[in-house]
Structure formats: C-alpha cells, structure tokens
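Me: I would like to learn how to read a model of this kind, feature by feature. Could you take me through the general idea each time and then the case at hand?

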Amino acid sequence: MRVLFLNTDYPGFLLWLYGRRPGLALRSYDAQLAMRNASLFGTADFMSRAMIQLGHAATDLHANNRALQEAWAAEHGHGQTGWLTRGASALHPGLAQRFLPWSSRADRAQDILAAQIAAFRPTILYNHDPAGFSAAWLRSVLPRGCAMVGQIASARGDDTDWQAY
C-alpha cells in the first residue's frame, strides 16, 4: 500500500511554529517537515511512521502550510511565486499574512497538492480534513482505484460529499 495522509493545520499553530523558529520558512521541505513533526501537534507523523514500520509507503502532506508547500514546489520544479524573500529572518506580522494559508490563492495550493499526489501515487488517501478539499476535486487528481478515507473530529455543517469516502 501507498498511504497519503492529507492534513491541514490550525493557522494559530502555524504562527506559533514558525514564530518560535525564525528562518524556518526559508529552510528545505524536509527541514520544515521535521520541525513540524517534532512539534507533536495533532497526529504529527504518528500514522505514517506506523504504516512505514508495517512495510508500507506512507507520507504526510500539510496542504495549508504555505511555507512547507512552496518549499516542496520549488524543490520539485514547480516554480516559486516570490511570496517570501530569502532575506527574511523571522516571521513578523506583515510576513505572517503572506505566509499563512492561501485563501485567495487556492489554485496554487491545489496545483502543488495535485503535483504531490501525482509524485507519490497513493493507493489510499487518508484525509484528516474532508471539508478542506472537495471530494470531486480529489477524485480528479487521485490515481485510478485510489481509495479515499475521511476522518472528522466533530460534526460539521458543510457540504462535504461523504458518499465519496
């Protein structure tokens, strides 16, 4: 099996994580992901590490962590948007607004996520935030036959297509 764990993080957590580590947003994808996992926030990488220990391929993606996602895109030939300059050394209020989730740049977020999915080729998508991306869009970028599993921590009044999971 190839299991992709799709996560989103609370904006307050992202501000805390990057605010405590000046320059983290400028580091490599692997360095940022290691710091994010070391925080032990949410499920961290507990599920993916367990799957790997069982002999499966597994990875975690944090779709709304702009710094992390842009680092992956730059390292894998998917361009940079110039949203963050290499001269920045700390997360400050002005930078925070540009660094946190895309909101008006959902197309860029989806482009990067689609590229990550294509690169990993999961057989199972384990989505921690089914309301974060439409099931129809996920189906359109997932490999044929990929199963989707959705996890929710509380009842939500949204328009998520639960039939897709």
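Me: How do the axes of α2 and α4 come together, and at what angle do they cross?

Reply: Before the answer, some ground rules: this is a predicted model, in which local features need pLDDT of at least 70 and side-chain atom pairs count only at pLDDT 80 or more, while totals for chains, interfaces and linings use all residues. Residues are numbered from 1 along each chain as its sequence is written, and side-chain values use heavy atoms, with hydrogens and water left out. Helices (H or I, at least four residues) and strands (E, at least two) are DSSP runs numbered from the N terminus, and axes are lines fitted to C-alpha atoms, for helices over the stretch in contact, with angles from 0 to 180 degrees between N-to-C directions. Here the axes of α2 and α4 come within 8 Å and cross at roughly 150°. Since angles under 35 degrees count as roughly parallel, over 145 as roughly antiparallel, 65 to 115 as roughly perpendicular and the rest as oblique, α2 and α4 are therefore roughly antiparallel to each other.

Me: Which residues of α2 and α4 meet?

Reply: Contact means heavy atoms within 4.5 Å. By that criterion, Tyr29, Gln32 and Leu33 in α2 meet Ala67, Leu68, Gln69, Ala71, Trp72 and Glu75 in α4.

Me: Where does histidine 62 lie, and what does histidine 62 touch?

Reply: Histidine 62 lies in strand β2, residues 57-62, and is buried because its relative accessible area is 0%. Not counting residues up to four places away in sequence, histidine 62 touches Asn7, Asp9, Leu33, Arg36, Asn37, Leu68 and Gln69. A polar contact is a pair of N or O atoms within 3.5 Å; within protein, one must be able to donate a hydrogen and the other to accept it, and residues adjacent in sequence count only if both atoms are side-chain atoms. Such a contact, of 3.3 Å, joins the side chains of histidine 62 and arginine 36.

Me: Which residues in the largest nonpolar core touch the most other members?

Reply: In soluble globular proteins, nonpolar side chains tend to be buried together. A nonpolar core is a set of buried Ala, Val, Leu, Ile, Met, Phe, Trp, Tyr and Cys residues joined through side-chain atoms within 4.5 Å. The largest one here has 31 residues, of which Leu6, Tyr18, Leu113, Leu125 and Leu138 touch the most other members. At least two residues of this core come from each of β1 (2-7), α1 (11-19), α2 (29-38), α4 (66-75), α6 (106-120) and α7 (135-141). Apart from this core lies another, of 6 residues, among them Val3, Met51, Ala58 and Ile124.

Me: How many helices and strands does the protein chain have?

Reply: The protein chain has 7 helices and 4 strands, which follow the pattern β-α-α-α-β-α-α-α-β-α-β along the sequence. Of its 165 residues, 43% count as buried.

Notes:
Buried < 20%, exposed > 50% of the residue type's maximum accessible area, 1.4 Å probe, protein only.
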